[in-house]
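Dear colleague,

I am passing on the structure we spoke about, together with some notes on what turned up when I went through it. Please have it open beside this message as you read.

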Amino acid sequence: MPVNHRFTFSYRLLFLIFLLSFETAQRLVTGDPNDEACLTNLRRSLEDPANNLRNWTKSFFINPCSGFSSYLHGVICNNGRIYKLSLTNLSLRGSISPFLSNCTNLQSLDLSSNQISGEIPPQLQFLVNLAVLNLSSNRLSGQISPQIALCAYLNVIDLHDNQLSGQIPFQFGLLARLTAFDVSNNKLSGQIPSNLAMRNGNLPRFNASSFIGNKKLFGYPLEEMKNKGLSIMAIVGIGLGSGIASLVISFTGVCIWLKITEKKMEEEEGKISHSMPVY
């Protein structure tokens with residue numbers, strides 16, 4: 001290879017290394033703009049009366065991650081991107097920002113045990129890497145968007161103890177990785193999707209505890225639980241009925257015996273009065 005060609009190749013290689021180093025350094029200084037937008041909008045949508053998110057400020061949003069760690073409360077990073085958001089039991093109010101979908105590397109979202117209200121944004125469907133969704137013990141309302149099932153890697157969906165209404169999306173039953181599911185104690189209605197109640201081969205998937213506390217929700221496994229309850233009530237009813245019947249029969253028998261005894265005594269008195277002499 002001629003000298004000038006070697007020089008050109010070396011120059012290009014050095015230039016490429018310089019560009020990659022510059023981009024990496026810039027990312028370390030400024031962070032990812034998607035993560036910045038995600039955190040900025042989430043902070044705007046949340047109220048923090050206990051001031052637990054006091055360091056959630058713009059200066060930290062610009063560069064929220066430092067490798068695998070973060071200065072922000074509840075934020076865990078992986079390779080410079082937000083990997084996990086865990087803001088549990090912080091007395092947070094407000095709503096869930098739809099711009100949370102900008103955290104495209106997010107794998108775990110836990111906002112449980114707060115006082116967050118409003119609907120679950122359907123934009124969460126864009127969190128394609130999401131494996132854990134825990135929004136339990138809040139004040140969320142409205143219907144559950146079936147679009148959330150587009151997060152194909154979901155292992156956990158926990159929405160218990162909210163005020164969610166409408167039907168359970170049957171699309172959730174298509175999530176092959178789903179191992180934990182809880183929508184108990186809401187205002188859900190309609191039939192439980194069969195693909196959430198049973199696996200292929202008629203094996204149980206999620207039991208009644210995942211669905212209880214929804215008055216207008218029906219279907220297996222709730223029907224089985226209700227039938228068991230009815231069976232127990234029937235047994236108790238039969239027992240009580242038998243006991244009452246026995247008491248009635250016993251009481252009737254005593255009354256008849258007293259009546260017969262009284263009649264016999266009257267007859268005996270009559271015989272005695274006829275046999276006595278008249279003076």
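A disulfide is taken here to be a pair of cysteine sulfur atoms within 2.5 Å. Please bear in mind throughout that this is a predicted model.

By that rule the count comes to two disulfides. One of them is formed by Cys38 and Cys103, whose sulfur atoms lie 2.0 Å apart, and this link is left-handed, with -100° about the S-S bond. Because Cys38 belongs to helix H2 (residues 33–45) while Cys103 sits in the loop between strand E6 (93–94) and strand E7 (108–110), the pair ties together parts that are 65 residues apart in sequence. Both Cys38 and Cys103 are buried.

The other disulfide joins Cys65 and Cys77, again with the sulfur atoms 2.0 Å apart, and the link of Cys65 and Cys77 is left-handed too, with -75° about the S-S bond. Cys65 lies in strand E2 (residues 65–66) and Cys77 in strand E4 (residues 75–78), so this pair ties together parts that are twelve residues apart in sequence. Cys65 is buried, at a relative accessible area of 5%, and Cys77, at 3%, counts as buried as well. With the bonded cysteines counted along the chain, the disulfides follow the pattern 1-4, 2-3. For a further cysteine, Cys151, the relative accessibility is 0%, and it counts as buried.

Ser137, although not a glycine, has a positive phi of about 55°, and its place is in the loop between strand E9 (132–134) and strand E10 (139–143). Ser137 is partly exposed, with a relative accessible area of 26%. Leaving aside residues up to four places away in sequence, Ser137 touches Ser113, Asn114, His160, Asp161 and Asn162; for one of these, Asp161, which is 24 residues from Ser137 along the chain, the two C-alpha atoms are separated by 4.7 Å.

Asn185 likewise has a positive phi, of about 60°, without being a glycine, and it is found in the loop between strand E13 (180–182) and strand E14 (187–191). At 35% relative accessibility, Asn185 counts as partly exposed.

Finally, where does a cis peptide bond occur? It joins Tyr220 and Pro221, with omega at about 10°, and Pro221 lies in the loop between strand E15 (216–218) and helix H5 (222–275).

Notes:
Residues are numbered from 1 along each chain as its sequence is written. This is a predicted model: local features need pLDDT of at least 70, side-chain atom pairs count only at pLDDT 80 or more; totals for chains, interfaces and linings use all residues. Side-chain values use heavy atoms; hydrogens and water are left out. Helices (H or I, at least four residues) and strands (E, at least two) are DSSP runs, numbered from the N terminus. Buried means under 20% relative accessible area, exposed over 50%, partly exposed in between (1.4 Å probe, protein chains only). Contact means heavy atoms within 4.5 Å.
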